Amino acid sequence: MTSRPILTLLFLAVLSLGADAASAQDKGSVNPKPLPPLANPNDPKLGAKELFARKVLPAAMPTRVIGSYVKGCLAGAAQMPINGDTWQVMRLSRNRNWGHPAMIALLKRLSIRAHKDAGWPGILVGDIAQPRGGPALSGHASHQIGLDADIWLTPMPDRRLSREDREDMSAVMMVRQDRLDVDPRVFTPSHVLVIRDAAQEPGVQRIFVNAAIKKALCREAKGDRSWLAKIRPWWGHDYHFHIRMRCPPGATECQGQPSQSEDEGCRPSDLAFWFSDAVLHPKPPPIPPRPKPPMTLAQMPAACKAVLNAPDAKQ
């Protein structure tokens, strides 16, 4: 029996991660306007997201990962170039194509492998992180330390996308309408190869996908299946997959996640929760929960204040 607190948590998770998935489809702006100055940037109750979102360039500091995926920041970020032979960056107006240098290098490698193994022209790169990491104004709870990245499950078109394309184009929904499996009209063996290539990167700890996609990967994977242990079902993620790298060696201020089981996670019992009625058709709690106040700078790791206040890196 599911208790009311668990149902409430499920509802909140669906709302939070549903917003994350929807935001990947939200259109951007060809002519984004700068955020207005803050009336009182030193207000202790001000959400840290308001501060980090206004930094358009990285901190002029050595590369440094501080805190966790959901409460942290990044110094010395590298930028993913918006165009490559085997990749293109989407939603440029968000300015979230910054990450740890190891993540940027990984995405470039993955784009080449996807082109070779899956026959895709290349990958479409979604959000990585803001120039100094930290919480964003919309779309994510994570992506704060430059070690998370979203890759669209739509292959890159065989042409250079215009700025309008990058802001207006939507990714393709991969999950069937009943949410119980992938849509065979759009999910192909090439998708399996691309996700496998990402999972086989040694620095990758987890990859989040919709449960229906995990189910399809379990069914379709051939040969060495050890990479399936990194594939984790999670709400949303039906238009894109989410790569999460482990903390880099020597990054002592980085708070990573514990190692997961090496089991494939493909037994019916492993996926049963995700296909339960409570998850597929969550009911809102009788009394809507009050919104949480935003995380403040004081609630973040202390070193993030120095990252926020550092001079801009030269470009």
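Colleague: In which sense do β1 and strand β2 pair, and over how many bridges?

Modeller: Strand β2 spans residues 71–75; helices (H or I, at least four residues) and strands (E, at least two) are DSSP runs, numbered from the N terminus. The model is a predicted one, in which local features need pLDDT of at least 70 and side-chain atom pairs count only at pLDDT 80 or more, while totals for chains, interfaces and linings use all residues. Residues are numbered from 1 along each chain as its sequence is written, and side-chain values use heavy atoms, with hydrogens and water left out. Two strands pair if DSSP finds at least two bridges between them, and β1 and β2 do so in the antiparallel sense, over five bridges.

Colleague: How many of the five residues of strand β1 are buried?

Modeller: Buried means under 20% relative accessible area, exposed over 50%, and partly exposed in between (1.4 Å probe, protein chains only). Strand β1 (residues 64–68) is largely enclosed by the rest of the structure, because its buried residues number four.

Colleague: Which residue in β12 stands opposite glycine 67?

Modeller: β1 also pairs with strand β12 (residues 254–255), in the parallel sense and over two bridges. There, glycine 67 faces cysteine 254.

Colleague: Is serine 142 buried or exposed?

Modeller: Serine 142 is found in the loop between β7 (123–125) and β8 (148–152). Leaving aside residues up to four places away in sequence, serine 142 touches Tyr69, Val70, Asp148, His242 and Arg244, where contact means heavy atoms within 4.5 Å. Its relative accessibility is 12%, so serine 142 counts as buried.

Colleague: How many disulfides does the structure hold?

Modeller: A disulfide is a pair of cysteine sulfur atoms within 2.5 Å. With bonded cysteines counted along the chain, the pattern is 1-6, 2-5, 3-4. The number of disulfides is three.

Colleague: How many residues apart in sequence are the parts that cysteine 73 and cysteine 304 tie together?

Modeller: The sulfur atoms of cysteine 73 and cysteine 304 are 2.2 Å apart. Cysteine 73 is buried at 0%, and cysteine 304 is buried at 0% relative accessibility. Cysteine 73 lies in strand β2 and cysteine 304 in helix α9 (residues 303–309), so the parts tied together are apart in sequence by 231 residues.

Colleague: Is cysteine 218 buried or exposed?

Modeller: Cysteine 218 is joined by a disulfide to cysteine 266 (S to S 2.0 Å). This pair links distant parts of the chain, cysteine 218 being in helix α6 (residues 211–220) and cysteine 266 in the loop between β12 and α7 (268–271). Cysteine 266 is partly exposed at 21% relative accessibility. Cysteine 218 has a relative accessible area of 11%, and therefore is buried.

Colleague: What is the handedness of the disulfide of cysteine 247 and cysteine 254?

Modeller: The sulfur atoms of cysteine 247 and cysteine 254 are 2.0 Å apart. Cysteine 247 is partly exposed, at 21%, whereas cysteine 254 is buried, at 11%. The torsion about their S-S bond is about -75 degrees, so the disulfide is left-handed.
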